[in-house]
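Visitor: Could you guide me through the aromatic rings and a helix packing in this structure?
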Amino acid sequence: MATITRMPELAANTPDAVLTEWLVKEGDQVSAGDPIATVETAKATVDIEAEIAGFVLRLVVEDGADVLVGAPILVLGEQGEDLSGLDLGDEPETEPETEPETEPVVEPVVEPVVEPVAPAPAPVPVRPDRIFASPLARKLARDGGLSLEELSGSGPHGRIVRRDVASALAARTPSPEPLAAEPQRAEQVASSTPPSAGFVDVPHTRLRRAIASRLTESKREAPHFYVRGTADVTGLLKLRRRLLRQTGAQISLNDLIVKAVALAHLREPGMNCIWTDDAVRRFETVDVAVAVATDNGVVTPVVRGVDSLSLSALADRTRAAVTRAREGTLRPQDLQGGTITVSNLGMFGTEEFAAIINPPHASILAVGAALDSPVVRDGKIVVGKQMSFTLSVDHRPVDGAVAASWMREFLAVIDVPSRLTV
């Protein structure tokens, strides 16, 4: 029996994905678990697998298509099987219909015979209220400033789909300048135009849209408060050099900070949590996300079980996650989990900053640069290396005293870095 394979939901709150490349062709035989297509979401690129064994009877969408979650993408079945009874529309079967299926019926009004009066005006034709359009097409049209009434649908039964909106947006051109104008008005326009008014619009990528949406949601929904601290990292830098000399392990300063974050979570478990609609969810192990700058935007792969990893194992896992992030090969599961993110701009010389929490995390630690500063040692002022840390905290699951306690524990680990190797 022919079976329809549908676009899976690869990440939470992801309504669609781009099918970038088919890994099979019509007529191929596949087994359950074989990769069949490469799909790109706003945050990762992943191969999806066949759910059952069979022959590829039809590829429903083309390479590069933007497909809604739940929409048909491929049909598997027995070789030569008849597909005439299958519904292979470009929208998922579960999409609700909110508008009425039939047009309102207006009953004619029969006027009684009376003395002649002035004729009634001719009725004005009424345009049908129903406009069939997919949810994605409605959103794209709204974002692009288009009215659905202006569009013609190429989907089933004249439905407006994504490609119709994309074509209309591509066809839009700026209004031409008037061919003629009064000389005085033309001079006024010329004098008010800057001599160098050129600009370039860089279209939003899927990742940039996702970043904007998630951080806007975070700033709006999560009541942020901030806890700041400064630590002498001279000993931390010495520890890094000693580990490199003794073990050859390529352990970065950021790796040491991530490990210190995990130890602070163990000492103050009230920070190792997230907010949900029904409860504050607390975790037994510590997973830490690391902010990585890529050409398309910032992504935050999660390093799991940091509290139980050695420094060399932590460095290896973090380095692998950073490589996948910059190559665009992160899997959806690489971006899920964790309760805190570490964002380090110190490498750019930034002294101090505050970051926006990456939902659903409860906090994010902003790390500044290690700078020469006067520090007190044994009652004397000497030159040392200091770093500033700013912890942004979601006040819903975490109170101020808990965050302050966490910062105290974190700075204590940084001040006595030998704790990181225990």
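Guide: We shall take the aromatic pairs and then a pair of helices. This is a predicted model, in which local features need pLDDT of at least 70, side-chain atom pairs count only at pLDDT 80 or more, and totals for chains, interfaces and linings use all residues. Residues are numbered from 1 along each chain as its sequence is written, and side-chain values use heavy atoms, with hydrogens and water left out.

Visitor: How many aromatic pairs are there by the rule?
Guide: The count is 2 aromatic pairs. Rings of Phe, Tyr and Trp (its six-membered ring) pair if their centres lie within 6.5 Å; planes under 30 degrees apart count as stacked, over 60 as edge-to-face and the rest as tilted.

Visitor: Why is the pair of Phe 389 and Phe 410 given its class?
Guide: Their ring centres are 5.0 Å apart and the planes stand at 85°, so the pair is edge-to-face. Phe 389 lies in strand β19 (residues 380-394) and Phe 410 in helix α8 (residues 400-415), 21 residues apart. Helices (H or I, at least four residues) and strands (E, at least two) are DSSP runs, numbered from the N terminus.

Visitor: And which residues form the aromatic cluster?
Guide: Phe 389, Trp 406 and Phe 410 form one cluster. Trp 406 and Phe 410 both belong to helix α8, 4 residues apart.

Visitor: New topic: at what angle do α5 and α6 pack?
Guide: Helix α5 (residues 234-247) and helix α6 (residues 253-267) pack at about 115°, with axes 10 Å apart. Axes are lines fitted to C-alpha atoms, for helices over the stretch in contact, and angles run from 0 to 180 degrees between N-to-C directions.
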